[in-house]
Amino acid sequence: MSCVQEDSKMVTGSDGLATEKSDVESSATEKSALPFYDQHYFSSYDHFGIHEEMLKDQVRTLSYKNAILKNKNLFKDKIVLDVGCGTGILSMFAVRAGAKHVIAVDMSNIIGMARKIVDLNGLGDKITLLQGKLEDVELPFPEVDIIISEWMGYFLLYESMLDTVLIARDRYLKKGGLIFPDKASIHIAGIEDSNYKEEKIHYWENVYGFDYSPFIDIAMAEPLVDTVENNSIVTTSSKLIDLDLNTVTIKELAFYNDFKLVATRDDSVHAFIAWFNIEFPAEDNASKIVFSTGPQAHYTHWKQTVFYMDQVLDVKRDEVIHGSLASRPNTKNPRELDVEIKWNFKDAFDGSRSQAGKYDYFMR
Ligand SMILES: C[S@@+](CC[C@H](N)C(=O)[O-])C[C@H]1O[C@@H](n2cnc3c(N)ncnc32)[C@H](O)[C@@H]1O
């Protein structure tokens, strides 16, 4: 089958934005009819810089490459759907692994670049590129054997792109079909972070001699996406949620779970950090690919997500922090997340260090 869409006449402007000259009408989705947050979301993927960052994230991109190419038997002669193909990298890995045909879908104008790249690499007859929201496009095949997608956002669920993958699964995946990746989990731990908390939060108490403290609430409520040194972790970690993409529902992506963290040394806990782990299906253990975005692992562009507390917990080794975390898409903008964390720490001695609290965070 040949590429159903003609050369897009894509140009990249001096601002780096990929813009379509004449192919916009070929999109299955009218962008201007989308809610403002979706227009903004898809526009953010028009720019080549975000794709450069993702492609250069070797942990991310090599994990997909290895998960696909080390499992050629799973891909051989299969029909594959790439949900949110971006520049087409995962689609091209799938063809290299022997897929019979790949349908690559993306709403963003970056798909014009994907068309050029796919053609340039001689894969135009193997990859059908469709512009539009996955929810709106009409696929040239009624069913697919495999879905590949890189949908993960900060704190795993920011952007809510997993919803789209689950819609694709329910509409198009053959019974017994595979999803790459198919497992994801979110983890939490407590960190000592006095220096950075001073810089990010307490900074606003005195800005060149003026009281800027109204910023403190905002700085606290917006979790920080940053790299955390592994030696800042002062508690054990706890798994907040385990997602099996073969079965999870969109509703279950709004979750509430308890956690228990045990102090691993005498120290202060200023914040919680969260990260996620990812697993791909495999023919056997030798070809199984997993990766982590935790502080113990190599750097990824997802870094870690830091939630500062408005208290400092002074813990002694083996003391326990009980807590809970609730995460749900924001009602006004479902690409954003509202997160509530509660903690309850009872010291093991006279109760003088015991503290309980709660904070509402917004991932905007
Ligand atoms: C994280 S990027 C991944 C790009 C590429 N697959 C890669 O791995 O480099 C996600 C892409 O999915 C696209 N996308 C997100 N939601 C979509 C939807 N509902 N329909 C079509 N494309 C979508 C975005 O425009 C973006 O290009």
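**View 1. The largest nonpolar core has 96 residues.** Val-80, Ala-94, Ile-147 and Ile-273 are the members with the most contacts inside this core. Its biggest contributor is strand β12 (residues 267-279), with eight residues, and at least three residues come from each of domain 1 (10-150) and domain 2 (184-363). A nonpolar core here is a set of buried Ala, Val, Leu, Ile, Met, Phe, Trp, Tyr and Cys residues joined through C-beta atoms within 7 Å; buried means that 20 or more other C-beta atoms lie within 10 Å of a residue's own, with C-beta atoms placed from the backbone. Domain bounds come from an automatic or database assignment, and strands (E, at least two residues) and helices (H or I, at least four) are DSSP runs numbered from the N terminus.

Please keep in mind that this is a predicted model: local features need pLDDT of at least 70, side-chain atom pairs count only at pLDDT 80 or more, and totals for chains, interfaces and linings use all residues. Residues are numbered from 1 along each chain as its sequence is written.

**View 2. Here are the neighbours of Ala-94.** Leaving out residues up to four places away in sequence, Ala-94 touches Ile-68, Phe-75, Val-80, Asp-82, Ala-99, Val-102 and Ile-148. Contact means C-beta atoms within 7 Å.

**View 3. Strand β6 (residues 144-149) is mostly covered.** Six of its six residues are buried. β6 pairs in the parallel sense with β3 (residues 79-83) over four bridges, and Asp-82 stands opposite Ile-148. Four bridges also join β6 to the parallel strand β7 (residues 173-180), where Leu-178 stands opposite Ile-146. Pairing requires at least two DSSP bridges.

Technical notes
Buried ≥ 20, exposed ≤ 12 C-beta atoms within 10 Å, placed from the backbone. Contact = placed C-beta atoms within 7 Å.
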